[in-house]
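Thanks for coming. I have one model to go through today, and I will keep to what can be computed from its atoms.

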Amino acid sequence: MNFEYYTPTKVVFGKGTESRTGELVREQGGHRVLVHYGGGSAVRSGLLDRICESLKKEGLPYVTLGGVVPNPRLSKVREGIRICRSEGIDFLLAVGGGSVIDSAKAIGYGVANDGDVWDFYDRKRQAAGCLPVGAVLTIAAAGSEMSNSSVITNEDGWIKRGYNSDYCRCRFAVMNPELTCTLPDYQTQSGCVDIMMHTMERYFFKSGGMELTDGIGEALIRTVMRNARILKENPADYNARAEVMWAGSLSHNGLTGCGTDGGDWASHQIEHELGGMFDVAHGAGLAAVWGSWARYVYSENPTRFATFARRVFGLESGDEETTALAGIMEMEAFYRSVGMPTNLAELGIAPTEEQILEMAEKCCFYGRRTVGVLKALNQEDVAAIYRMAM
Ligand code: NZQ
Ligand code: ZN
């Protein structure tokens, strides 16, 4: 199929690269910087100080705004917009993971456009620009450092919504794998699941496909699985950190979807409701629902699932259906082997029937949309998948 591939982000990868942050902001035309960060890991590790030093060295004035939480909140975005306007900020520097980068992107939309920033996430209108954003990545997971996406949670109704546009793509991404060594194991593994899922969502398409795109995706998934296991044993393994970090960016910058119809994405939509309602870690939430989604839809295209099983897990025997189901089981076995959940109970939540129906309604925009392309899922389907995942 025809495709567009647009990756304008300059990647600066490797040990010590965060010392170049000031120089990169200046290169991208920034004059007054908002340094945006999370709940404190960047402070405790000394990273924030090093970043601020690098800005000072370039003579760049800056204001700091921390406190971004996982599943980043709209209220923090609004606070950031107010600060940027009053301080005359012209560059947003996100120091953290997907949550911080997404919050910075949302602030960027809010400053560059009039009106309520939530309108974009609520599908009411399109943004006409975004303040430039740069990232210093501290967790390999969401891929926001190279994606066109930003996902924000509105506390009013606990609605988690993504908004995509090329305006928000990071101007640069500083990626030092060493910075990820302080991650708790659960976050490392949750990140690995998310990275794999960004390729798996694109792998299970309805139409199109290219041999090269398949090969890149399959290699990426195998690489992340191998290195996730290494990190389970040795969290300080630099090479494994580097493999996973680069995979995280390539998995969500469009590369693994070239020549396809864009992929399925139902698992992500189903998980976003869990994140909005129960505040779970995104990757862990994906692991908890993927197997149920896969069993619910695989019969739409058993050959594709069997191909996945053969090329990713080396499964040989059996007909298409048997191999497809064996592949789903293998993936769940991998999740369990790295301490990830394969159902909602293992994720630590027990939604009531009422909550399942509410999540299914929100996921399908109260009947206004279906999710997924392999099988277009309506509210009843989504509710059935939540029940299967219990
Ligand atoms: O807040 P701090 O103290 O930094 O702690 C964070 C947070 O608790 C911690 N952490 C990050 N780097 C660390 C560290 N702890 C120790 N050492 C470090 N080096 O990790 C926790 C999780 O951080 P978060 O930024 O939430 O992780 P992630 O990158 O997984 O981002 C998740 C968010 O991104 C969205 C998800 O829905 C979720 O809201 N996504 C964004 C996407 C995009 N923009 O393209 C695509 C994804 O599919 C995803 O939906
Ligand atoms: Zn994701």
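Conventions, then. This is a predicted model, so to speak of local features we need pLDDT of at least 70, and side-chain atom pairs count only at pLDDT 80 or more, while totals for chains, interfaces and linings use all residues. Residues are numbered from 1 along each chain as its sequence is written, chains are lettered from A and ligands numbered from 1 in the order in which they are written, and side-chain values use heavy atoms, with hydrogens and water left out.

Salt bridges. The rule is a side-chain nitrogen of Lys or Arg within 4 Å of a carboxyl oxygen of Asp or Glu. By this rule there are 22 salt bridges.

Let me start with K10 and E27, whose closest N and O atoms are 2.9 Å apart. This pair links distant parts of the chain, with K10 in strand β1 and E27 in helix α1, 17 residues apart. Helices (H or I, at least four residues) and strands (E, at least two) are DSSP runs, numbered from the N terminus. K10 is partly exposed at 32% relative accessible area, and E27 is partly exposed at 44%. For the labels, buried is under 20% relative accessible area, exposed is over 50%, and partly exposed is in between, with a 1.4 Å probe and protein chains only.

Next, E18. Where does E18 lie? E18 is in the loop between β1 (10–13) and α1 (21–27). Its side chain meets that of R50 in a salt bridge, 2.9 Å from N to O. E18 is buried, with a relative accessible area of 7%, whereas R50 counts as partly exposed at 37%. The E18 and R50 side chains are also joined by a polar contact of 2.9 Å. That term means a pair of N or O atoms within 3.5 Å; within protein, one must be able to donate a hydrogen and the other to accept it, and residues adjacent in sequence count only if both atoms are side-chain atoms. Leaving out residues up to four places away in sequence, E18 touches L47, R50, I51, S54, V136, V174, N176 and L179. Contact here means heavy atoms within 4.5 Å.

E300 lies in the loop between α11 (282–297) and α12, and K375 in the loop between α15 (353–363) and α16 (379–388), so the pair ties together parts that are 75 residues apart in sequence. E300 is partly exposed at 41%, and K375 is partly exposed at 25%. Elsewhere, salt bridges that share partners join D214, E218, R304 and R311 into one network.

Now the aromatics. How many aromatic pairs does the structure hold? The count is 16. Rings of Phe, Tyr and Trp (its six-membered ring) pair if their centres lie within 6.5 Å; planes under 30 degrees apart count as stacked, over 60 as edge-to-face and the rest as tilted.

Y109 and Y163 have ring centres 5.2 Å apart and planes at 70 degrees, so this pair is edge-to-face. Y109 lies in helix α5 (residues 98–112) and Y163 in strand β7 (residues 159–164), so the pair ties together parts 54 residues apart in sequence. Y109 is buried at 0% relative accessible area, and Y163 is buried at 4%.

For F204 and F308, the ring centres are 5.2 Å apart and the planes are at 55 degrees, so the pair is tilted. F204 sits in the loop between α7 and α8 and F308 in helix α12 (residues 302–313), 104 residues apart. Both are buried. Ring pairs also link Y203, F204, W290, W293, F305, F308 and F313 into a cluster.

On the surface, F3, Y5 and M210 form a nonpolar patch with about 280 Å² of accessible area together. Patches are made of residues with over 30% relative accessible area and no salt bridge; like charges are joined within 9 Å, nonpolar side chains (Val, Leu, Ile, Met, Phe, Trp, Tyr) within 5 Å. Accessible areas come from the Shrake-Rupley method with a 1.4 Å probe, and for residues only the protein chains shown count as cover. M210 lies in the loop between α7 (185–203) and α8 (211–233) and counts as partly exposed at 35%.

Last, V382, in helix α16. V382 is buried, at 0% relative accessible area. Apart from residues up to four places away in sequence, V382 touches I270, A360, C363, C364, V371 and L377.
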